[in-house]
Amino acid sequence: MQEDFTVTVDKINKTPMSFILQYTQQTPKGYLLNDLNLVTTELVVKDDLGNVYEGQGNGGMDISQGL
């Protein structure tokens, strides 16, 4: 079964010291994890110099399914 998870980068805010990546995610209809409809997105960003930036948990949730 193919899983069609989608992450879309909506906006990038940058400062001299950091950046904030705003994104939306779409989960395939009917996908359930322990009957809670929860999905965690883990992003890894790599710049053109080869530096790697790993994000920390986003704490977001989808309330469209009644959570």
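**View 1. Valine 9 sits in strand β1**. Strands here (E, at least two residues), like helices (H or I, at least four), are DSSP runs numbered from the N terminus. Val9 makes a nonpolar surface patch of about 370 Å² together with Ile12, Phe19 and Tyr53. To join such a patch, residues need over 30% relative accessible area and no salt bridge, and nonpolar side chains (Val, Leu, Ile, Met, Phe, Trp, Tyr) are joined within 5 Å, while like charges are joined within 9 Å. A salt bridge, by the way, is a side-chain nitrogen of Lys or Arg within 4 Å of a carboxyl oxygen of Asp or Glu.

**View 2. The whole chain is a predicted model**. Local features need pLDDT of at least 70, side-chain atom pairs count only at pLDDT 80 or more, and totals for chains, interfaces and linings use all residues. Residues are numbered from 1 along each chain as its sequence is written, and side-chain values use heavy atoms, with hydrogens and water left out. The mean pLDDT (the predictor's confidence in each residue, from 0 to 100) is 76, and 66% of residues reach 70 or more. Confidence is highest in strand β1 (residues 6–14), at a mean of 90, and lowest in strand β2 (residues 19–26), at 84.

View 3. Phe19 lies in strand β2 and Tyr53 in strand β4 (residues 52–54), so the pair ties together parts 34 residues apart in sequence. Buried means under 20% relative accessible area, exposed over 50%, and partly exposed in between (1.4 Å probe, protein chains only). Phe19 is partly exposed at 33%, and Tyr53 is partly exposed at 34%.

**View 4. Glutamate 54 is also in a strand, β4**. With 65% relative accessibility, Glu54 counts as exposed. Leaving aside residues up to four places away in sequence, Glu54 touches Leu43 and Val44; a contact means heavy atoms within 4.5 Å. The C-alpha atoms of Glu54 and Glu42 are 7.9 Å apart, though the two residues are twelve places apart along the chain.

Notes
Accessible areas come from the Shrake-Rupley method with a 1.4 Å probe; for residues, only the protein chains shown count as cover.
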